[in-house]
Amino acid sequence: MNDKDLYQQILGIPKPWSVTDVGLKLDGGKIEVRVSAPSSADMHCPVCQKVCPRHDKRERRWRHLDTCQYQTVLVAQVPRVKCEEHGIKQINVPWAEERSRFTALFEILVIDWLKEASVSAVARQLDIRWE
Ligand SMILES: [Zn+2]
C-alpha cells in the first residue's frame, strides 16, 4: 500500500474525491494531503443540490487530526458552480462544514477536549487559536 492509498483509506474520503499527493514537510512538522475530484465529476449546488456547470475553483486548506507528531492538513482545489437559481456557489466538501478551516473529525476532537479542559488549554495543546 502506498502513501496515497493509506491516506485515502484512513481519511475515508468518499468518491469522486481521492488523495492525489501526500507531502511531508519535516522542518515545518506538517503533512499535506492533497485531495481532488476529476474534472468530469458532477458538482452540485450547495443550496438546491442540482448538478451545475463548474465556474472556477479555489484552493482551501483544513486542519485534520495529526498523523503521529505531524500536523496534518488537507488541501483541495474546491470547485465553485454556477447555479441558474442561486448564482456562483462553492460546493460543499464531504469532510468539513461549509466555512470551517478544520475537518469534521478535527472539530469533534476539539469539542471532546473542551468537555475536559479550558478553551486556553485546548488551544495550547492543539496549537490552534480562538478565532
Ligand atoms: Zn442552486
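**A walk through the chain**

Start with Cys68, which sits in the loop between S5 and S6. The labels come from DSSP runs, numbered from the N terminus: a helix is a run of H or I with at least four residues, and a strand is a run of E with at least two. Cys68 is exposed, because its relative accessible area is 69%. Here buried means under 20% relative accessible area, exposed means over 50%, and partly exposed is in between, with a 1.4 Å probe and protein chains only. Cys68 is not a glycine, yet its phi is positive, near 50°.

Before going on, a word on the source: this is a predicted model, in which local features need pLDDT of at least 70 and side-chain atom pairs count only at pLDDT 80 or more, while totals for chains, interfaces and linings use all residues. Residues are numbered from 1 along each chain as its sequence is written, and side-chain values use heavy atoms, with hydrogens and water left out.

Now the whole chain. How many helices and strands does the chain have? There are 3 helices and 7 strands, and along the sequence they follow the pattern α-β-β-β-β-β-β-β-α-α. Taken along the principal axes, the C-alpha atoms fill a box of roughly 45 × 35 × 20 Å. Of the 131 residues, 35% are buried.

Next, the metal site. Which residues are the protein donors of the zinc ion? They are Cys45, Cys48 and Cys83, each through SG, and His86 through ND1, lying 2.1 to 2.4 Å from the ion. A donor is an N, O or S atom within 2.8 Å of the metal, or 3.2 Å for Na, K and Ca; water is not among the atoms, so sites may look incomplete. In sequence the spacing of the donor residues is C-x2-C-x34-C-x2-H.

Why is the arrangement tetrahedral? Because the 4 donor atoms subtend angles of 105 to 114° around the zinc ion. The rule for four donors is that all angles lie between 85 and 135 degrees. Cys45 is buried, because its relative accessible area is 0%, whereas Cys48 is partly exposed at 28%.

Gln49 lies between strand S3 (43–44) and strand S4 (51–52). Gln49 also has a positive phi, about 70°, although it is not a glycine. Glu84 lies in the loop between S6 and S7. With a relative accessible area of 79%, Glu84 is exposed. Between the C-alpha atoms of Glu84 and Leu114, 30 residues apart along the chain, the separation is 42 Å.

I mention phi for a reason: most residues other than glycine have a negative phi, and most peptide bonds are trans. Pro16 is in the loop between helix H1 (3–11) and strand S1 (18–25).

Now two side-chain pairs. Glu32 is in strand S2 (residues 30–36) and counts as buried, because its relative accessibility is 13%. The side chains of Glu32 and Arg61 are joined by a polar contact of 2.6 Å. A polar contact is a pair of N or O atoms within 3.5 Å; within protein, one must be able to donate a hydrogen and the other to accept it, and residues adjacent in sequence count only if both atoms are side-chain atoms.

The second pair is Thr103 and His64, whose side chains make a polar contact of 2.7 Å. Thr103 lies in the loop between strand S7 (87–90) and helix H2 (104–114). Is Thr103 buried or exposed? Thr103 is buried, because its relative accessible area is 1%. Trp95 lies in the loop between S7 and H2 and is buried at 8%. The C-alpha atoms of Trp95 and Phe106, 11 residues apart along the chain, are separated by 9.9 Å.

Last, the largest pocket. A pocket is found on a 1 Å grid over the protein atoms alone, as an open set of points where a 1.4 Å probe fits, with protein on both sides within 12 Å along at least five of seven lines; lining residues have an atom within 4 Å of a point. The largest pocket is lined by 12 residues, and Arg63, Arg101, Phe102, Asp127 and Arg129 lie nearest its centre. Strand S5 (54–67) and strand S6 (70–83) each supply at least two residues of the lining.

How values were computed: Four donors count as tetrahedral if all angles lie between 85 and 135 degrees; four count as square planar and six as octahedral if opposite donors are over 155 degrees apart and all others between 65 and 115; anything else is irregular.
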